[in-house]
Amino acid sequence: MVRIIVGFHGGVQEVGRSCFTIESDGFWLMLDCGLKIRQEDGYPALPDRVDAVVLSHAHLDHSGMLPALHRRNHPKIYATDLSLETSHLLQKDSAKINQLRKERHIYSIHDIEAMHSSEVSIPYGADRSLTENISFKLLDAGHIPGSAAVLLEIEGKKVYYTGDIKTKDTHLQAGAEIPEADVLIIESTYGDRVHPSRREMEKEFLSTIEETVDRGGNALIPAFAVGRTQEVLMMLEDMPYPIYLDGMGQQVTSLFLQYPEYVRDSGLLQKAANIATWIDNSSARKKALSEPSIIVTTAGMVNGGPVFSYLHRLHMDKLSSILLTGYQVEGTNGRLLMEKGYVIDPLTDKELEVRMEKHQFDFSAHAGRHSLEDIAEKVNPEKAFVVHGDPKPCESFAEFLSSICETHTPKMGDTFDL
Ligand SMILES: [Zn+2]
Ligand SMILES: [Zn+2]
């Protein structure tokens, strides 16, 4: 019998640098090749040989190392067409930012462009053979438009890798459908937490904005460019106030509108995008600040980008509010803002006190604990590996999973026979 070996090279007991391999009969298949953002040692430990990569989605913690891997191994890279396009945007942005900050150069814009000839776009549901005994298909993961979970078939064994997954519907997307499989590799970002009711949270979000603008302030909404910006714009669709859109969310919104098949209601996304005024220069920014308004802008964790043009003007304005729209990773400005009431200005490296009203909303694009349990029960595997989660959520969810099947919480460099 042919051995099938799964290897864990990153994204274990952590969120970041997701990178796994499955090796069978001398063929090395990699699932994702990401980076840990803003961390010096944030690379996966790459194996010597890689024949093909299947990319689950565009976020840099899954795609950020691909251009460097490609320069070294020249593997074919499979993903949905939208994931490939979105990952190029994010990879180029990250290469540019690193160049500006004179930080690590693990790849250049040229490496990103050279990779294109090895990329193969695959629609959801289409079977693709890699060797006589290895095939796979991509299934909609409901996490961001274009995102996929991967269902592999190797020597007759079914392996299901969730990538980042959400099973509940949002304005932007329908939730993931879950297949059965023999082996499950599952994310655990929210492995120990249940999300608050989305409907209640959305009500509170909108009423906070209303109160702010009605008293003459600006509602400043930092949002991730990919997915969250579009979801927020769709929530704001009925708001009777001026809405402005700034930052990379603009490019990503345009891209999503070019791929309407990946969003639930592209007409509604188009309408929401049209209602907002798109800001492309500093005088437009001044205008947005000259009246009570809603401003949606990058970066989602307040770590840079145009959000600072607004913060410089608004940080002491008690009439205005800042509304964070997602989880804030430790060490980011968003986390500092909520815990200490200030941020570090990336231009001066100095503390900037923020006296605006501060709010945080958990509009997560990941399955919460209950949904993760549902996924595991539907897949009904013999063996499971819990990845993509900090140690606590990872262990907590693994404890539940071990009541269903043989469960592992791999460490960096671990390998297992399937
Ligand atoms: Zn993701
Ligand atoms: Zn991720």
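Contact here means heavy atoms within 4.5 Å. In this predicted model, local features need pLDDT of at least 70 and side-chain atom pairs count only at pLDDT 80 or more, while totals for chains, interfaces and linings use all residues. Residues are numbered from 1 along each chain as its sequence is written, and side-chain values use heavy atoms, with hydrogens and water left out.

Leaving aside residues up to four places away in sequence, I221 touches F205, I209, V232, L236, I294, I295, V296, T297, L323 and T325. I221 is also among the residues with the most contacts inside the largest nonpolar core, which has 39 residues. Such a core is a set of buried (under 20% relative accessible area, 1.4 Å probe, protein chains only) Ala, Val, Leu, Ile, Met, Phe, Trp, Tyr and Cys residues joined through side-chain atoms within 4.5 Å. Elements that give two or more residues to this core include α5 (198–214), β12 (219–222) and β15 (294–297). The core lies between domain 1 (4–193 + 365–417) and domain 2 (198–360), because both give residues to it. A second, separate core of 30 residues includes F20, V120, Y161 and F416.

The second largest pocket has a volume of about 290 Å³. Of the 22 residues that line this pocket, K166, K168, H195, P196 and R198 are the closest to its centre. The elements giving two or more residues to the lining are α5 and α12 (369–379). At least three lining residues come from each of domain 1 and domain 2.

Terms used: Chains lettered and ligands numbered in written order. Buried < 20%, exposed > 50% of the residue type's maximum accessible area, 1.4 Å probe, protein only. Helix = DSSP H or I, 4+ residues; strand = E, 2+ residues; numbered from the N terminus. Domains from an automatic or database assignment. 1 Å grid on protein atoms, 1.4 Å probe; cavity = no way out; pocket = protein on both sides within 12 Å on 5 of 7 lines; lining within 4 Å. Points joined across faces, edges and corners; volume = space filled by probe spheres on them.
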